[in-house]
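Biologist: I have a few questions about how the terms are being used here. Can we go through them one by one?

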Amino acid sequence: MNIFSRFSVDSGFKYILTTAAIIVPLICGGIVLALVSNSVEAFTKFGFFHFLFSTNWCQTPGHESYGALPFIVGTLLTTGLALVMCIPFSLSIALFNGEYYKNKPLARVLGTIVDLLAGIPSVIYGLWGFYVLRPVVMTLGLSPQGSGILTASLVLTIMIIPYAASLSTEFIKMVSVKLKEGAYSLGATRAEVLSRIVFP
C-alpha cells in the first residue's frame, strides 16, 4: 500500500511539473502574441522602421508620429554605462568572498548582505534613486533636473551589483582547487593565479 501511495504521489508531482513546464512557454507566447497583435495597426500606419529609427514623437491628433529611437538609444546607453560601472564593485566583492576570504565569517556575512540586497524589488531602488540620488545629482550640478542618463545609470548600477557579485563569486568558487594549488606550487603569485587561472 505504501508503494502504491508513493507511486501515485510521484506520478501526481510529475504531472504537476509537466503542466507547469508547458504553461510557462504558453504564457510567454501569449504575451508576445498580444504585443504583436496590438501593435500591427500602428506599424502598418506609421511604418516599422519609422518607429525604430525616427526621433520624432508627436501625440497631437491628426499629426501623430511615433519614433522610439531616443528611447532605444537611452536604454542601451544606460544599460551599457551601468554594466561598466558595476564591474569594479561586483568584481571586488566576488574576489573578497570567493578567493581572499573564502569560507571566512566575514565573507559569509558580506555574502548574506549581498543576497539581501539582490532580493530588494527594483521599484524600491527606483524610488530611492528619485528621492535620494536625484537631489544629490542636482546639488552637484551634474544635471539641472537631476534626471537623465547619469542618474538612471547609477540606479541601475546599484541595482545589478548584488546580482553580478553573487554570480561572480559562484564562478570563482567553481574553479578547481587543484589548478590553483598547482599554480602556487610553481611559484605563481595570487595575482597571477587570478589572471591566468581564475580569469583566463
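Modeller: Start with contacts. This is a predicted model. Of the contacts in the protein chain between residues at least 6 apart in sequence, 49% join residues at least 24 apart.

Biologist: What makes a pair of residues count as a contact?

Modeller: Heavy atoms within 4.5 Å. By that rule K180 is in contact with E99, I172, V175, V193, I197 and V198, leaving aside its neighbours within four places in sequence.

Biologist: Why is K180 called buried?

Modeller: Buried means under 20% relative accessible area. K180 has 7%, so K180 is buried.

Biologist: Where is K180 found?

Modeller: In helix α7, which covers residues 177-185. The protein chain has 8 helices and 2 strands. From the N terminus on, the order is α-α-β-β-α-α-α-α-α-α.

Biologist: How many of the 200 residues of the protein chain count as buried, as a percentage?

Modeller: The figure is 21%, with the same cut-off of under 20% relative accessible area.

Biologist: How do you know what radius of gyration to set the protein chain against?

Modeller: The globule rule is 2.2 Å times the number of residues to the power 0.38. For 200 residues, a compact globule would come near 16 Å, but the protein chain has 25 Å. Its C-alpha trace spans about 75 × 70 × 35 Å along the principal axes.

Biologist: How far apart are the mean positions of the positive and negative charges?

Modeller: They are 8 Å apart, for 12 positive and 8 negative charges.

Definitions and conventions. Residues numbered from 1 in each chain as written. Predicted model: local features only at pLDDT ≥ 70, side-chain atom pairs only at ≥ 80, totals over all residues. Heavy atoms only, no water. Helix = DSSP H or I, 4+ residues; strand = E, 2+ residues; numbered from the N terminus. Buried < 20%, exposed > 50% of the residue type's maximum accessible area, 1.4 Å probe, protein only. Lys, Arg positive; Asp, Glu negative; His and termini not counted. Charge placed at Lys NZ, Arg CZ, Asp CG, Glu CD.
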